[in-house]
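Open the model in your viewer and keep the selection panel at hand. Each stop below says what to pick next and what is there.

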Amino acid sequence: MAEEVIILKDLKLVPDKYYSYTQSLRNSKTPIVIDNGSFTCKAGWATSSAPNLIFKNILARPRKERGKKDGETLIGNDIANIEAVRFQLKSQFDRNVITQFNVQEQIFDYTFSHLGIDTNGSINHPIIITEPVANPNYSRLLMSELLFECYHVPGICYGIDGLFSYHYNGFKEKTGLIVNCGHHTTHIIPVIKGTPDLINSRRIDVGGYHITYYLHKLLQLKYPAHYNAITPSRAEELLYEHGFLAVHYTDVLKQWSDAEYYDRNVKRIQLPYSMAVILTPDQQRDKRREMAKKLVEMNARKRDEKLAEDEEQVHQLLMIREMIEDGEPIEEVREVLKSHGLKNEKDLKKLITDLQTRIDRAKSKIAAASHNASHVEEHVMEEPKLRLFKNKIQLPKEESISKAWLKDIYKKRQDIIDKKAVRKQRRQDMAKRGTAASLERMRLISQLARKDKRDDDFGSRDEDWDVYKVINKEGGDTDSEEEQDKISELEDILRFYDPTFVSSNTNEEQNPKEAHQLHFGIERMRCTEVLFQPSIIGCGQGGISDTIEFILKKYPVQTANDLAENVFLTGGPTKLPDFKERVFRELREMRPLETSINVKLSDSPILDAWFGAKEFANKPNFNEYLLTPEMYAEMGGDYFIENSCSNMYCPLPEAVQEPEGLSELHTEM
């Protein structure tokens with residue numbers, strides 16, 4: 001096994017900075033480009049060289065605690081520790097479709113404020129935003145409603161992220177097959193001579209989220225002792241740092257069964273852990289002294305606070321008594337007495353007397369506490385006494401403990417542990433059929449059981465083994481409680497006289513560092529196989545290769561060959577090692593012999609959709625594809641202007657009015 005141990009990065013998100021809203025941007029109609037992905041949101045100006053903002057498309061709304069104000073809503077990179085608020089995370093997406101527009105509104109607020117836009121009541125820039133393939137009209141309607149009626153944008157342009165990425169990589173007028181692997185879904189889109197064939201496009205409900213989820217569960221099942229330490233964030237880090245696609249899954253699966261291959265390829269991941277702190281007697285004494293001092297200070301502070309409250313209350317009551325002596329109006333005096341929970345002057349005098357007694361007692365306690373402080377320190381300075389044991393062991397009377405005596409104690413403890421280990425091994429041997437110990441015991445049992453001295457075949461039949469298992473409960477000897485008590489007693493003595501001693505009843509004391517290590521082996525490729533075999537996680541859909549084959553069969557031979565000759569991969573999970581090689585191998589197996597196959601990976605699988613949308617926004621005729629507020633009011637919320645990277649516009653069916661007679665009949669019924 002490789003000696004290198006990989007330390008988890010556990011990177012904390014860095015909050016996004018606020019950009020300045022320059023005068024040139026304020027006076028222009030520069031489009032805002034938003035790649036609204038279900039995992040990350042990329043947003044920026046169409047004039048920027050890269051996205052100004054890249055953040056996770058989530059928000060965390062802390063739970064309201066009784067008696068406290070609502071916590072601040074955190075969005076994207078403002079969430080420093082995602083695992084701390086994992087159960088308060090919210091997303092606007094249901095799979096890859098936006099359904100929670102109250103969350104989307106807060107995401108937009110975060111985006112526009114960090115871009116520096118400070119105009120009052122409106123965003124004076126057109127928006128180009130991505131959406132999934134076959135986005136429901138109702139979802140688009142609500143998006144247009146939000147942007148037009150809440151932010152008063154001058155125009156909106158919609159487009160598909162996979163098509164933007166395809167065009168940005170130089171395939172505008174070419175025939176090809178796009179494999180767009182997202183966070184929740186994977187879309188396969190055929191493009192014929194630059195025009196997307198959305199009718200024959202297909203969606204697979206598997207993506208990066210499902211890979212991470214499956215890996216998370218695999219590691220938790222493999223290491224139940226570290227169930228809480230294996231978090232989704234760490235599973236995600238392991239996936240994209242060390243995961244890969246197996247080009248030949250079954251062949252590589254067999255290789256992992258070989259011990260040498262396993263040792264060469266397994267990754268050792270170090271989980272965070274804390275070492276047990278062993279204190280010396282002097283450190284223990286200092287700690288006790290410090291704790292006693294803190295306790296004394298805490299009690300003194302409480303007494304002082306209580307004394308101040310009592311003195312303030314006595315002061316108020318004395319003022320009331322003065323009011324009575326000065327002959328203040330009776331009604332006013334009664335009101336004051338009632339506000340202090342008193343009925344008459346007698347109760348007032350009694351309460352004053354009680355409070356003064358309590359104050360005198362508290363002052364005497366404070367005076368005594370300062371006198372007893374030195375006594376407490378002397379008590380703490382005393383050495384802890386070793387408790388008396390029922391099996392008395394001769395303790396040396398000298399102050400310096402001899403090494404020979406300690407060595408003898410260690411030897412006595414180890415002898416008992418060795419005896420227990422021998423008995424444990426004997427029990428294990430007797431539990432296995434065919435071992436020398438079990439055969440010998442069966443022979444002895446058979447000799448005792450038979451009446452005559454003829455040859456006995458007890459043990460040669462399966463039924464004999466069942467009888468033996470009933471007879472052999474513990475395999476002979478059992479660990480005695482006396483021995484365990486003896487070990488505990490010896491360990492107490494060693495712990496008292498040797499601060500470096502660590503209690504353990506096993507022969508080998510496990511290194512805490514090694515105990516908190518994960519062996520990340522076959523899981524590296526097993527989790528990613530979900531994309532090609534969704535049945536692994538219980539999904540009844542076909543994988544990427546099955547869906548590609550299904551789509552290619554819908555076209556004539558020449559068109560199918562052209563599609564296979566230009567397969568384009570985009571989306572976050574496609575950057576996993578050997579993803580491109582796996583798709584090529586699957587195509588080679590399904591396509592006829594000597595068919596030309598070419599698979600190209602996007603230059604930047606995560607950012608190319610944003611760059612493609614930016615390139616589209618900088619076209620001279622971009623304004624022709626903008627949906628304006630006037631069009632929105634006239635054509636309806638689901639309307640949009642089609643472009644080379646958008647969905648097809650399929651208007652909502654018109655509402656059918658009921659015949660007058662039918663409506664009257666319903667009213668009568």
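Is lysine 56 buried or exposed? This is a predicted model, so start by selecting that residue and checking its surroundings. Lysine 56 is buried, because its relative accessible area is 18% and the cut-off for buried is under 20%.

**Stop 1: around lysine 56**

Show strand S4, residues 53–56; lysine 56 is found there. Now display its contacts beyond four places in sequence: Phe39, Thr40, Gly76, Asn77, Ile82 and Glu236.

**Stop 2: the largest nonpolar core**

Next, select Leu215, Leu531, Ile544, Ile548, Val567, Val583 and Leu587. Of the 44 residues in the largest nonpolar core, these touch the most other members.

Zoom in on leucine 531. Leaving aside neighbours within four places in sequence, leucine 531 is in contact with Cys181, Thr186, Val206, Gly207, Ile211, Gly543, Ile544, Pro573 and Phe579.

**Stop 3**

Side chains of opposite charge can pair when their charged atoms come close. The whole structure holds 27 salt bridges.

Select arginine 95 and aspartate 205. They form a salt bridge, with the closest N and O atoms 3.0 Å apart. Arginine 95 sits in the loop between strand S8 (93–94) and strand S9 (97–98), and aspartate 205 in the loop between strand S15 (202–204) and H5, so the pair ties together parts that are 110 residues apart in sequence.

| Residue | Relative accessible area | Class |
|---|---|---|
| Arginine 95 | 44% | partly exposed |
| Arginine 203 | 39% | partly exposed |
| Aspartate 205 | 14% | buried |

**Stop 4: along helix H9**

Move to helix H9, residues 281–325. Pick glutamate 290 and lysine 294, which are four residues apart in this helix and therefore separated by about one helical turn. Their salt bridge has its closest N and O atoms 3.7 Å apart. Glutamate 290 is partly exposed, at 45%.

**Last stop: a network**

Finish by selecting Glu529, Arg582, Arg585, Glu586 and Glu589. Salt bridges that share partners join these residues into one network.

Note on methods: Residues numbered from 1 in each chain as written. Predicted model: local features only at pLDDT ≥ 70, side-chain atom pairs only at ≥ 80, totals over all residues. Heavy atoms only, no water. Core = buried A, V, L, I, M, F, W, Y, C linked by side-chain atoms within 4.5 Å. Buried < 20%, exposed > 50% of the residue type's maximum accessible area, 1.4 Å probe, protein only. Contact = heavy atoms within 4.5 Å. Helix = DSSP H or I, 4+ residues; strand = E, 2+ residues; numbered from the N terminus. Salt bridge = Lys/Arg side-chain N within 4 Å of Asp/Glu carboxyl O.
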